[in-house]
Amino acid sequence: NAQRIQAWLEASKVADVTYNTKLRYLRSFFSFCVKKKYAKANPAIEVDPKKVTSAVPRLLSPSDLRVILAASDEVIRPALTLQAFCGVRSAELARVEWKDILPSGVLQIGADKAKTAKRRLTPIPETALRYLLSVRKASGTIFPAPKVDLWVKELKEAGEAPNASEVEGRRTDALNVALHAVKAACPGIKWGSNA
């Protein structure tokens, strides 16, 4: 019954968003059961979802961004530029390649690179585009991870196929280490994840 479902959800002591996700799954499950005539009703429909208020994301000020870019190494600066001006998430950023910057001044995040698994086109502001085109490489990822590339090369030379998700994880880890170093160099700036 609905009271037992709500009690179970409350006992799991999860965030409101997770609570709502679990409730959505339960509603889908019971709808399936009703459709297949395994149950007469869907008790999860009677359980109210939690009200979720999303926090306003913290935006970096222009002066904060100037400090961050000045403190950053030239290797990570293109990645920071895309993150700041195009709203690219760190996990996506580890997969973005130079070829994803289209001549029309748009950043293309392919479905294979996006969090939502949907292709996304993001306009690149003129100043950021001018900078990115001035440092553009012929190929490769925006944020190079030479240690990861060496590891992949060694695996291939040994006749092993690298696991794509492990390669992606290592690239993301390398980017996060570099981002952490920049954050450490800017102690006075409140710089959240994916700011």
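Buried means under 20% relative accessible area, exposed means over 50%, and partly exposed lies in between. Phe85 has 37% relative accessibility, so Phe85 counts as partly exposed. This structure is a predicted model. Three strands form an open sheet here, and the largest nonpolar core has 27 residues.

- Helix α1 covers residues 2-11, and Ala2, Ile5 and Leu9 are buried in it.
- Seen down the axis of α1, these buried residues fall within an arc of 65 degrees, so they line one face of the helix.
- The face of α1 turned away from the buried side carries Gln3, Arg4 and Ala11, which are exposed.
- What covers the buried residues of α1? The cover includes α2, residues 16-35.
- Two packed helices are described by the angle between their axes and the distance between the axes.
- The axes of α1 and α2 come within 10 Å and cross at roughly 145 degrees.
- This crossing of α1 and α2 is right-handed.
- On the α1 side, the contact is made by Ile5, Gln6, Trp8, Leu9 and Glu10.
- On the α2 side, Tyr19, Lys22, Leu23, Leu26 and Phe30 take part.

- Most residues other than glycine have a negative phi, and most peptide bonds are trans.
- Lys13 has a phi near 45 degrees, a positive value in a residue other than glycine.
- Is Lys13 buried or exposed? Its relative accessible area is 75%, so Lys13 is exposed.
- Lys37 is not a glycine either, yet its phi is positive, about 65 degrees.
- Lys37 lies in the loop between α2 and α3, where α3 spans residues 62-71.
- The relative accessibility of Lys37 is 71%, so Lys37 counts as exposed.

**The sheet**

- The strand order is β1-β2-β3, and the pairing is antiparallel.
- β1 (101-102) and β3 (120-123) are the edge strands, and each pairs on one side only.
- β1 and β2 (residues 106-109) pair over two bridges.
- Across these two strands, Leu102 stands opposite Val106, and Ile101 stands opposite Leu107.
- β1 and β2 form a hairpin with three residues between them.
- Gly105, in the turn of this hairpin, has a positive phi of about 85 degrees.
- β2 and β3 pair in the antiparallel sense over four bridges.
- Val106 has Pro123 as its bridge partner in β3.

**The nonpolar cores**

- In soluble globular proteins, nonpolar side chains tend to be buried together.
- Which residues have the most contacts inside the largest core? They are Ile76, Leu82, Val88, Ile101, Leu107, Ile124 and Leu175.
- α4 (77-86), β2, α6 (126-135) and α8 (164-184) each supply at least two residues of this core.
- Ile76 is in contact with Phe143, Leu175, Ala178, Leu179 and Val182, leaving aside neighbours within four places in sequence.

- In α6, Ala128, Leu129 and Leu132 are buried.
- These three cover an arc of only 100 degrees around the axis, which puts them on the same side of α6.
- The face of α6 turned away from the buried side carries the exposed residues Glu126, Thr127, Arg130 and Ser134.
- The buried residues of α6 pack against α4 and β1.
- Phe85, the partly exposed residue from the opening, has its place in helix α4.
- Where neighbours within four places in sequence are left aside, Phe85 is in contact with Leu65, Pro125 and Ala128.
- Phe85 and Ala128 are 43 residues apart along the chain, but their C-alpha atoms are separated by 7.1 Å.

Notes:
Residues are numbered from 1 along each chain as its sequence is written. This is a predicted model: local features need pLDDT of at least 70, side-chain atom pairs count only at pLDDT 80 or more; totals for chains, interfaces and linings use all residues. Side-chain values use heavy atoms; hydrogens and water are left out. Buried means under 20% relative accessible area, exposed over 50%, partly exposed in between (1.4 Å probe, protein chains only). The arc is that of the directions from the helix axis to the C-beta atoms. Contact means heavy atoms within 4.5 Å. Two strands pair if DSSP finds at least two bridges between them. A nonpolar core is a set of buried Ala, Val, Leu, Ile, Met, Phe, Trp, Tyr and Cys residues joined through side-chain atoms within 4.5 Å. Axes are lines fitted to C-alpha atoms, for helices over the stretch in contact, and angles run from 0 to 180 degrees between N-to-C directions. A crossing is left-handed if the near helix is turned anticlockwise from the far one by less than a right angle, and right-handed if clockwise.
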